[in-house]
Structures are given as C-alpha cells and as structure tokens.
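Keep the viewer open as you read.

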Amino acid sequence: GTGGAYTSNSVLTLVDGVTGEQVFEYATPRVPPEDFAELTVSVCKWFWDAYMVPEGNNPGVRFIKRLQELGYGNVYKRKAAWKRTGGKGRRGTDLGWWTSRDNLRIPFGQLDRAVKLGEALLRSAATVRETKEYVWINGRPTYAPAVTTPVPTETGAEHGDRVVALALAWHGVKERPVAAGSSEPVPPGNIDDTPMGRRQRAERQRGDDVWDDRTNWDLAGDF
C-alpha cells in the first residue's frame, strides 16, 4: 500500500514448495512499495533465497523498480498465457505478474484446485476469511464486497489482497524454474529440503559441536 486513504494492503506470503504449507504472512497498508520491496527481499533471503512472484502493476511498478535496484534475481518473469499468432508464448524479461481483468483466473484456478485436493495448506485465519468472500462471476474470481460496497474503506480490506498474494505464491510453486543441475523439482514429501527440514538439520549439526563451558573470565586467565 501507498499509505494514503483507501489504500490496499501490501501482502507478503510464503509457501513451502514441497509441503504446500503457508509458512509466512505479513500484510500492511502503510508501508511504501520501495520499503516493502526491501522487506520482501530480506525475508526471501532468510528463507534460502525464495522464489518471488510479485505483482508488477499499480504500486507494484515502484516495488519492481526497487527490486531491480537491489539486484535480487530469483524472481518470476512474465510469460504469455496464450499462444501468439505463428508461435508459442515465451517467458519475457519483465519481472513480476501483471494482473489484468482476465488473467487472475489462472493463479486462482490453481489455488482453488490445490485447496480442494489438499495440496495447499492455509495457515492464516485472515486469508481463510477472505477466500470465503470470493465468488466466480462470468469465469472470473471476484471479491464480492468490492461489488456490493461501492465506497471503499480506509483499511484496504475490500481488495482481498491476501488471497491474491497467496494465489501468486502458489503460482510460483507450480511455475518456479527447476534448480540448476536438476531435471525435476524437489519431489513431494522430501522433508529434508523444506525450511523445517533444513532448520532441523542445522540444529542437529550444532548439537554435534563440542561445547566449551569456560567463561570469558576463564579464558582471560589463560593469557
């Protein structure tokens, strides 16, 4: 969000690509896009350089510009959703998902199917509430309060931004590039390569270290 009246939320959501579990969410209407880009890069680096799928239009233009300045490279690049005349669509060089009136049905459809099949696990109560307010109208996902309430509030709640962020995160799970040197993404159920698995492995390695019980005063006495 840009922080003004009637602004929408900026939302950062992380999904574990192996387990399908939502592991992180932060939403605020008061952080400028440039600052939110810095926060997002920091969190993504904390989660082992997570693959990012930012929204590129509206305030996202300012977000993407700052993202490019920061040099974070593990970012979704737009790809034509439909075949062009005389050839297939190809992944371009522009960063981020560009939301249009029609194309949100792609990530929303993926998320809808994943939730029904139990592949996606939602952990945010606020996001779950927002999902219940979405309806499909003429084949498009529509946030019902935005239709029934012509005057927006100052909270950004009418936009359903948490669900959009989660849908794009899940689109990233399905569309993320395969790691270098590998022909397939990490197979489902490989817990050792999830954030939790890596954290547990690091804790086990720390447990193997020999602990030195001497205090700083003890060490000072050796000199």
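This is a predicted model: local features need pLDDT of at least 70, side-chain atom pairs count only at pLDDT 80 or more; totals for chains, interfaces and linings use all residues.

Phe24, Trp46 and Phe47 come together as one aromatic cluster. With a cut-off of 6.5 Å between ring centres, the count comes to seven aromatic pairs.

One of these is the pair of Tyr26 and Phe36, which is stacked, with 6.3 Å centre to centre and 15 degrees between the planes. Tyr26 sits in strand S2 and Phe36 in helix H1 (residues 33-46), so this pair ties together parts that are 10 residues apart in sequence.

Now turn to Phe108 and Tyr134. Their rings form a tilted pair, 5.0 Å centre to centre and with 55 degrees between the planes. Phe108 belongs to helix H3 (residues 105-117) and Tyr134 to strand S5 (residues 134-137), so the pair links parts that are 26 residues apart in sequence. Phe108 counts as buried at 7% relative accessibility, and Tyr134 counts as buried as well, at 17%.

In soluble globular proteins, nonpolar side chains tend to be buried together. Which members of the largest nonpolar core touch the most other members? Of its 20 residues, they are Phe108 and Trp170. H3 and helix H6 (161-175) each supply at least two residues of this core, and H6 gives the most, with eight residues. If you click on Trp170 and leave aside its neighbours within four places in sequence, you'll find it in contact with Val15, Gly20, Gln110, Leu111, Ala114, Glu119 and Ala120. There is also a second, separate core of 17 residues, and its members include Val31, Ala37, Ala50 and Met52.

H3 deserves a look of its own. The helix has 13 residues and spans 18 Å from its first C-alpha to its last, close to the 18 Å expected at 1.5 Å a residue. Which of its residues are buried? They are Pro107, Phe108, Leu111 and Ala114. Look down the axis of H3 and these buried residues fall within an arc of 130 degrees, so they line one face of the helix. What covers them includes S5, strand S6 (140-143) and H6. Just after H3 comes Gly118, with a positive phi of about 80 degrees.

To finish, go back to strand S2 (residues 22-28), where Thr28 lies. Is Thr28 buried or exposed? Its relative accessible area is 8%, so Thr28 is buried. The side chain of Thr28 also makes a polar contact, reaching the backbone nitrogen of Arg30 at 3.1 Å.

Note on methods
Residues are numbered from 1 along each chain as its sequence is written. Side-chain values use heavy atoms; hydrogens and water are left out. Helices (H or I, at least four residues) and strands (E, at least two) are DSSP runs, numbered from the N terminus. Buried means under 20% relative accessible area, exposed over 50%, partly exposed in between (1.4 Å probe, protein chains only). A polar contact is a pair of N or O atoms within 3.5 Å; within protein, one must be able to donate a hydrogen and the other to accept it, and residues adjacent in sequence count only if both atoms are side-chain atoms. Rings of Phe, Tyr and Trp (its six-membered ring) pair if their centres lie within 6.5 Å; planes under 30 degrees apart count as stacked, over 60 as edge-to-face and the rest as tilted. A nonpolar core is a set of buried Ala, Val, Leu, Ile, Met, Phe, Trp, Tyr and Cys residues joined through side-chain atoms within 4.5 Å. Contact means heavy atoms within 4.5 Å. The expected span of a helix is 1.5 Å times one less than its number of residues. The arc is that of the directions from the helix axis to the C-beta atoms.
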